[in-house]
Amino acid sequence: PEIDISALLPLILFSLWAVILQIGLAFARAGAMVLTARHHFFKPIGDSDALDAISRAHMNTVENLPVLSVVYVACLLVGAAAPVVSLGWWAFGARMAQSIVHISARTPNAVRLRALMQFVQIGCFAWLGIAAIIGALAA
């Protein structure tokens with residue numbers, strides 16, 4: 001099937017979200033070095049709550065990117081009978097929301113919202129994966 005290139009936008013933006021978080025982490029770490037006069041290498045976790053939250057939000061995004069990439073592109077390639085682009089947008093939106101909440105709040109309600117956003121993403125990934133399998137088997 002012929003792929004509308006604009007259908008790749010959710011996947012591209014999901015990838016760029018990881019870059020934005022990485023840039024944010026770099027600036028936060030540089031700021032922490034200036035403010036605390038620490039000149040050492042940062043640990044993946046254990047520096048500060050704020051740095052840990054940004055780092056985990058970035059890693060969560062990077063960890064989910066390959067899954068979304070495979071099932072999303074597979075759906076596009078097999079012409080899956082699913083709302084592929086809509087699911088891509090939902091996955092991207094849920095990832096952004098989860099990251100923002102992860103960075104900005106640590107209350108029990110924030111944790112529940114993060115979990116809900118993760119379930120939205122998992123649902124999108126599963127739907128896309130099943131649609132890709134069905135499309136591949138039908139081809």
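Modeller: Let's start with a definition: a residue is buried under 20% relative accessible area, exposed over 50%, and partly exposed in between (1.4 Å probe, protein chains only). You're looking at a predicted model, where local features need pLDDT of at least 70 and side-chain atom pairs count only at pLDDT 80 or more, while totals for chains, interfaces and linings use all residues. Numbering runs from 1 along each chain as its sequence is written, and side-chain values use heavy atoms, with hydrogens and water left out.

Colleague: Okay, in what order do the elements of the chain run?

Modeller: Helices (H or I, at least four residues) and strands (E, at least two) are DSSP runs, numbered from the N terminus. The chain has zero strands and four helices. Read from the N terminus, then, the order is α-α-α-α.

Colleague: How far apart are the end C-alpha atoms of helix α3?

Modeller: α3 covers residues 84-104, which makes 21 residues. The expected span is 1.5 Å times one less than the number of residues, so α3 should span 30 Å. The end C-alpha atoms agree with that, at 30 Å.

Colleague: Is His 102 buried or exposed, and at what relative accessible area?

Modeller: His 102 lies in helix α3. It counts as buried because its relative accessible area is 5%.

Colleague: How far is Asp 52 from His 102, C-alpha to C-alpha?

Modeller: Asp 52 lies in helix α2 and is buried, with a relative accessible area of 10%. Along the sequence, Asp 52 and His 102 are 50 residues apart. In space, their C-alpha atoms are separated by 9.9 Å.

Colleague: Which residues does His 58 touch?

Modeller: His 58 is in helix α2, residues 49-78, and counts as buried because its relative accessibility is 10%. Not counting residues up to four places away in sequence, His 58 touches Ala 18, Leu 21 and Gln 22.

Colleague: Which residues are in contact with Leu 25?

Modeller: Leu 25 belongs to helix α1, residues 9-36, and is buried at 8% relative accessible area. Its C-alpha is 9.6 Å from that of Ala 57, 32 residues apart along the chain. Setting aside neighbours within four places in sequence, its contacts are Leu 51, Ile 54 and Ser 55.

Colleague: How far apart are the C-alpha atoms of Leu 11 and Phe 92?

Modeller: Leu 11 is also found in α1, and it is buried, with a relative accessible area of 11%. Its contacts beyond four places in sequence are Leu 65, Leu 68, Ser 69, Tyr 72 and Val 73. Phe 92 sits 81 residues apart from Leu 11 along the chain, with a C-alpha separation of 7.5 Å.

Colleague: Is Pro 66 buried or partly exposed?

Modeller: Pro 66 is found in helix α2. At 47% relative accessibility, Pro 66 counts as partly exposed.

Colleague: At what angle do α2 and α4 cross?

Modeller: Axes are lines fitted to C-alpha atoms, for helices over the stretch in contact, and angles run from 0 to 180 degrees between N-to-C directions. α4 covers residues 108-138, and its axis comes within 8 Å of that of α2. The two cross at roughly 35 degrees.

Methods. Contact means heavy atoms within 4.5 Å.
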